[in-house]
Amino acid sequence: MKAFVRSKKGIACIVAIALVVVAAAAVGGYQYWYYLQPKFQDYTIELGTESVGIADFMTQYAEPSKVSFVTDVSTVDINCVGDTELTLKHGNKEETVTLHVVDTVAPVVEFVDTVVKSIDYVPNPEDFIVSIDDYAETTASFAEEIESVDTYEDLYLTVVVTDASGNATQQECLVSYSWLAESYTLELGTELTKQDLLLNEAQGEELIDQAALDEINASGVGEYTVASTSGSKTVYCAVTVEDTTPPTLELKNVSIYFNETATLDSFVASVSDASGDVELRLMTDLKNGVVGTYTVTIEAEDANGNVTSADATFTVKKDDVAPVISGLTTITLSKHSSAPNYLSGISATDAVDGSCTVSYNANSVDYDTAGTYYVTYTASDSAGNTATSKRKVVIDHDSEDVSNLVASIASSLSNDPEAIRDYVRSSISYSTNWGGSDPVWYGFTNKSGNCYVHAMCLKAIFDYKGITSQLIWTTDKTHYWLIVYINGGWKHIDATPSSQHRKYSLMNDEQRLSTLSGRTWDTSAWPACE
C-alpha cells in the first residue's frame, strides 16, 4: 500500500481526489453566497408612466422563471406621487421593495404671447394660456403684483404655471391695451359699424374714421385694415369681408301645353345675393312636348361659390280644352225684323291659341213669328277642340199674336166661367212676377205669374167668349181678381191657385170679404155682388 501511494500512479490518484474535494467545497460555497444575494430592488418612475412590470424590480441575481408578485399590482395607483411597498417572491423566498412615484417634469405650456384688451381689463393669467400638458394639477399666476392702468401703454407680465409638485414653467407675455379689436369678420351684405370694432362699446368710438368703414361697406369680399390713433399710439383691426351665404332663390311651378316651350327663366320667381352676381343652372332636362308632370331642379351660385338649390313642378298638358265663347247675350227683336249682326260683340278665346274664329247657324229663327229661338255658335282651336254654345233670340209678339194665342186657348174651352177659371188656375202656376207690359202673353207662354197675371188671363178668355167681367182689386192693391156677370147678377171669381181663394167657387161680397184676410175693396167703384 505504501509502495502504491509513493508510486507515480498513487500520487496521481491522491492529487485527483484532493482536487475533487476542493472543487466540491467551492461549488457549495458559491451556491450559498448566491442564495444570500437580493433578487429584487426598489424602483422609481416618473408621474405619468403608464405601467410597471416585475422585470423593473429584478436584480441581476433573479431568475425570471422563479419570480412573481405577491402584491396585487392592479391595486397600486401609479397616478399619484408617493411610495408604495410591494412584496415579490423568488422561488419560495419573499422580498419587500418600494415603488417610488415622482414628479420632476415641469408643465408643458402653450402661451399667448399677446392679448389685446380694453383699458378696463383686469389681467387674468388664464387669458394667456392656450393649453397645459402635465400629469398633476396645475395653477396659473403672475410672478408680479398687478397694478391698475389708466393709459393705453403696453403691459408686460410674467405668467407662471406650477404643478402640484412645485415644477414651474413661465413666460413673459404682453397686454396690449387698445380700444380696437385685433380682427373682425363681416358677412358680405352686412353693414360694418364702429360698434363692431370696439373692444368696449363705451370707449373709442370717436377714434374710428367713418370714411374707412364706408369704403369697406362699399367693397366686396377681401381683407381690409382699419387704423385708429390715440395720442402716440396707433392700433389696427384686420377686417375680413367674407361671403358664406348662398343666394336666395324662389321658384314657381310652371304649367304649359305640349306645343309650348318653357325655359329656365320660366321657373324663376326671384333670385338675389349680396354679391349681386348669380349664375343660374338648370340641373334637369326640360321635357318640352312630353305630356306629364316632372320635378325641375335649378341651382343658383354666387360669385364666391355659394350654391342654393330649389325644386319646382313642371307640368306639360295636352290641349283638350275647347275655346270659350263670350258675349252670347239674349237678342230681342220685333216681328218682321231683319237678321241682326250675330257676330257683333262675340269672341272666342282659347288657353293656347288665344283668339279663335267663331261661326254661327241662325237657320231656325223665324223673324215673322213670335217665339223664342236659338242660334248655335261654334269655335275650334288648332288642336281640334270645338266649343258649341247657343244664344237665345226672342221675336217679340204683337197684339195680333196675343189675340191668336187667346183664341187658340179659348176655342178649346167651354163657355162655363167656372170651367174657364179652373183652366187658368191649373195651367198657370203662382209666382211673384207681374208679367211685364203684357201679363196675358206672359202668363200663357211662361205658365206662371202672380194674382194680376191670373186675373188678366182669365179676363182675356172671358172677353173672347163674350162673358162680361171687370178687373177688381183691394184698396192696397195687394190682390187682383174678377167680378163676372152671370145669371143676371154679379159674382166674385178668382183664378189665383190658392186655398184661400178656392173656399168659394163664385162669391158674393160677404164671402169674398171673408177670404181677403182683413183687406177690402172700394165698394163704390164696382157693382155689388149678391
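Helices here are DSSP runs of at least four residues, numbered from the N terminus. In this predicted model, one such run is α2, which spans residues 8-36 and holds Y35. With a relative accessibility of 52%, Y35 falls on the exposed side of the cut-off, because exposed means over 50%.

Helix α7 runs over residues 417-427, and its buried residues are P417, I420, R421, V424, R425 and S427. Among the elements covering them are the helices α9 (451-465) and α10 (499-502), and the strands β27 (429-430), β30 (480-486) and β31 (489-493) also take part. The N-terminal end of α7 is capped by D416, which places a side-chain oxygen 3.1 Å from the backbone nitrogen of E418.

Then there are the cysteines. A disulfide is a covalent bond between the sulfur atoms of two cysteines, and a search through the whole structure turns up 0 of them. Take C457: its closest cysteine sulfur belongs to C451 and sits 12 Å away, so the two are too far apart for a bond. C457 is buried, at 0% relative accessibility. C356 counts as buried too, with a relative accessible area of 11%.

Finally, G91 sits in the loop that links β3 (82-90) to β4 (93-102). Its relative accessible area is 31%, so G91 is partly exposed. Between the C-alpha atoms of G91 and E153 there are 74 Å, with the two residues 62 apart along the chain.

Methods:
Residues are numbered from 1 along each chain as its sequence is written. This is a predicted model: local features need pLDDT of at least 70, side-chain atom pairs count only at pLDDT 80 or more; totals for chains, interfaces and linings use all residues. Side-chain values use heavy atoms; hydrogens and water are left out. Helices (H or I, at least four residues) and strands (E, at least two) are DSSP runs, numbered from the N terminus. Buried means under 20% relative accessible area, exposed over 50%, partly exposed in between (1.4 Å probe, protein chains only). Contact means heavy atoms within 4.5 Å. A polar contact is a pair of N or O atoms within 3.5 Å; within protein, one must be able to donate a hydrogen and the other to accept it, and residues adjacent in sequence count only if both atoms are side-chain atoms. A disulfide is a pair of cysteine sulfur atoms within 2.5 Å.
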